[in-house]
Amino acid sequence: MSQDDPSPAGVTKGLAPVVTIEQIANWEGQEVIIRGWLYNLREAGKLLFPIFRDGTGLLQGVVAKNAVTPEIFALAKGLTQESSLLVTGKVRADARAPGGYELDVSHLQVVQLVPAEEPYPITPKEHGIEFLMDHRHLWLRSQRQHAILRIRHEISKACRDYLDGEGYTLVDAPILTPAACEGTTTLFETQYFDEKAYLTQSGQLYSEATAAAFGKVYCFGPTFRAEKSKTRRHLTEFWMVEPEAAFATLEDMMDLAERFVTYIIKQVLEKRRPELEALERDVSRLEQIEPPFPRITYDEAVEILKRKGSDIRWGGDFGGTDETLIGEEFSKPVLVHRFPASIKAFYMQPDPERSELALGVDMLAPEGYGEIIGGGQRVSDYNLLLSRIQEQNLPREAFEWYLDLRKYGSVPHAGFGMGIERAVAWICSLEHVRETIPFPRMLYRLRP
Ligand code: 4AD
Ligand code: MG
């Protein structure tokens with residue numbers, strides 16, 4: 001390697017700077033080095049059109065036979081898909097090029113050549129979903145997956161930024177827990193030395209403790225449900241962001257949820273438009289999302305469902321189809337509140353006006369995406385909470401600490417949880433949550 005060659009690690013001793021494709025517009029007319037992989041290669045006689053990717057975007061290169069040495073031309077011509085490279089070239093604006101720029105390649109250095117006998121398994125042709133899921137570790141390099149996960153990143157960042165700006169403190173909850181939060185039917189059990197532990201279903205109970213310590217808190221981490229359901233909305237491992245506030249009511253949380261979701265949508269529209277376009281997302285549907293969101297009671301939701309031909313009866317929980325039907329009534333997310341207490345978790349505060357109702361809320365996304373947020377006001381009275389724990393046959397000793405919160409300075413408090421993958425699926429307009437998380441875990445999928 002000559003003195004002027006960049007090393008694979010990117011320490012350039014030569015003149016050309018190493019730049020990212022995302023920043024390419026800043027380098028028009030200049031010689032630069034791109035570090036990345038070969039995405040695709042097209043040949044047209046004395047011209048080669050390799051497409052490079054570097055993790056920040058795609059860039060088409062032009063290798064002209066008369067502009068490079070015969071060795072470099074041969075090297076470029078023999079490149080295999082996903083071979084890793086260092087490419088030197090001059091940036092040229094070209095209105096016809098996908099990102100508006102092309103690279104006139106002058107030099108190439110191969111870091112690792114993918115052997116032609118064992119080519120990269122994911123080719124531009126169509127592959128079945130099971131094949132792609134089995135190759136998820138490679139599939140992540142494709143443009144569509146890249147766009148989805150960048151939007152996911154923006155959503156996660158917007159969640160944090162919004163709550164930070166509202167004075168919430170991030171206080172993380174544990175993953176290994178001694179008891180259930182969301183019912184005992186979906187618990188993942190694990191051996192914890194000589195006792196049983198469970199993977200957390202929600203950080204909420206711990207957030208109630210930290211809310212009494214910090215006022216306004218949130219936790220944001222992986223949560224687990226041993227869901228035996230094989231739907232397009234269920235994962236067994238998913239990420240949840242859960243704000244919780246002391247001295248807050250159901251109404252306060254509906255207001256927060258509405259502002260929170262609006263902010264997230266605005267950030268994605270502002271920062272990730274090219275990715276939304278790559279996914280062919282109809283952004284006009286997202287641009288309409290502004291407070292106030294419609295708010296309906298469970299009773300009203302049941303009326304809507306009956307009118308639409310559902311055979312739901314008062315007291316029943318909504319299935320995925322019901323949620324889709326309700327959501328389709330509105331162009332914005334809808335807040336459904338005051339559910340029958342019997343279908344909600346033990347910790348829900350009863351409605352003072354109708355004790356058979358719980359002060360809980362679900363936010364249903366439009367366009368058929370169903371529930372993205374669940375939450376509400378928590379029981380703050382010691383005796384009521386104790387009777388709830390007993391009625392549901394929950395082990396009292398595992399909840400003593402949780403009961404303590406009602407003994408020492410109990411206050412009305414409320415919160416909610418938003419599933420990140422459900423939000424990503426809706427915002428990206430995806431058919432299934434399996435593409436919203438880097439490595440999905442589902443009923444029949446633990447690998448790769
Ligand atoms: O409605 P859920 O079960 O509520 C709770 O866990 C509360 N403890 C949250 C709180 O108040 N702090 O779940 C909240 C959200 C759902 O609205 C959904 O977006 C997501 O978590 N979710 C799932 N996402 C993917 N796969 C699953 N199996 C999910 N289960 C829930
Ligand atoms: Mg729920």
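# Close-up views of a predicted model

**View 1. Five strands close into a barrel.** The strand order around this barrel is β1-β2-β3-β5-β4, and the pairing is mixed. Direction ignored, neighbouring strands of the sheet are turned by 55 degrees against each other on average. The model shown here and in every other view is predicted. Strands of a sheet pair through backbone hydrogen bonds, in either a parallel or an antiparallel sense. The next views take the barrel pair by pair.

**View 2. β1 and β2 form a hairpin.** Two residues lie between the strands. In this turn, Gly 45 has a positive phi of about 65 degrees. Strand β1 covers residues 31–44, and strand β2 covers residues 47–53. Their pairing is antiparallel, over seven bridges. Two pairs of facing residues can be picked out. Asn 40 has Ile 51 of β2 as its bridge partner. Trp 37 stands opposite Arg 53 in β2.

**View 3. On β1, strand β4 is another partner.** Strand β4 spans residues 84–93. It runs antiparallel to β1, and seven bridges join the two. Arg 35 faces Leu 86 of β4 here.

**View 4. β2 continues into a hairpin with β3.** Four residues lie between these strands. Gly 55, in this hairpin, takes a positive phi near 95 degrees. The strands run antiparallel and are joined by five bridges. Phe 52 stands opposite Leu 59 in β3. Is β3 mostly covered or mostly open? Mostly covered: six of its seven residues are buried.

**View 5. β3 and β5 run parallel.** Three bridges join this pair. Gly 61 stands opposite Leu 103 in β5.

**View 6. Eight strands make an open sheet.** Their order is β6-β10-β11-β16-β15-β14-β13-β12, again with mixed pairing. Which strands form the edges? They are β6 (169–170) and β12, each pairing on one side only. Helix α5, residues 204–214, packs on the sheet. It touches β6, β10 (216–224), β11 (237–246) and β16. The direction of α5 makes about 35 degrees with that of β11.

View 7. Strand β16 runs from residue 413 to 419. The two strands pair in the antiparallel sense, over five bridges. Gly 375 stands opposite Phe 416 in β16. Helix α13, residues 420–428, also packs on this sheet. Its contacts are with β10, β11, β14, β15 and β16. The direction of α13 makes about 55 degrees with that of β16.

**View 8. Glu 251 sits in helix α6.** The helix spans residues 250–271. Why is Glu 251 called partly exposed? Its relative accessible area is 34%, and the class in question lies between 20% and 50%. Leaving aside neighbours within four places in sequence, Glu 251 is in contact with Arg 295 and Arg 338. Leu 384 is 133 residues from Glu 251 along the chain, and their C-alpha atoms are separated by 21 Å.

View 9. Along the principal axes, the C-alpha atoms fill a box of roughly 85 × 55 × 40 Å. Of the 448 residues, 52% count as buried. The accessible surface is about 21,200 Å², with 52% of it belonging to carbon and sulfur atoms. Among contacts between residues at least 6 apart in sequence, 65% join residues at least 24 apart. There are 51 positive and 65 negative side chains. The centres of these two sets lie 4 Å apart.

How values were computed: Residues numbered from 1 in each chain as written. Chains lettered and ligands numbered in written order. Predicted model: local features only at pLDDT ≥ 70, side-chain atom pairs only at ≥ 80, totals over all residues. Heavy atoms only, no water. Buried < 20%, exposed > 50% of the residue type's maximum accessible area, 1.4 Å probe, protein only. Contact = heavy atoms within 4.5 Å. Areas by Shrake-Rupley, 256 points an atom, 1.4 Å probe, with all protein chains shown as cover. Lys, Arg positive; Asp, Glu negative; His and termini not counted. Charge placed at Lys NZ, Arg CZ, Asp CG, Glu CD. Pairing = 2+ DSSP bridges. Axes fitted to C-alpha atoms, helices over the stretch in contact; angles between N-to-C directions.
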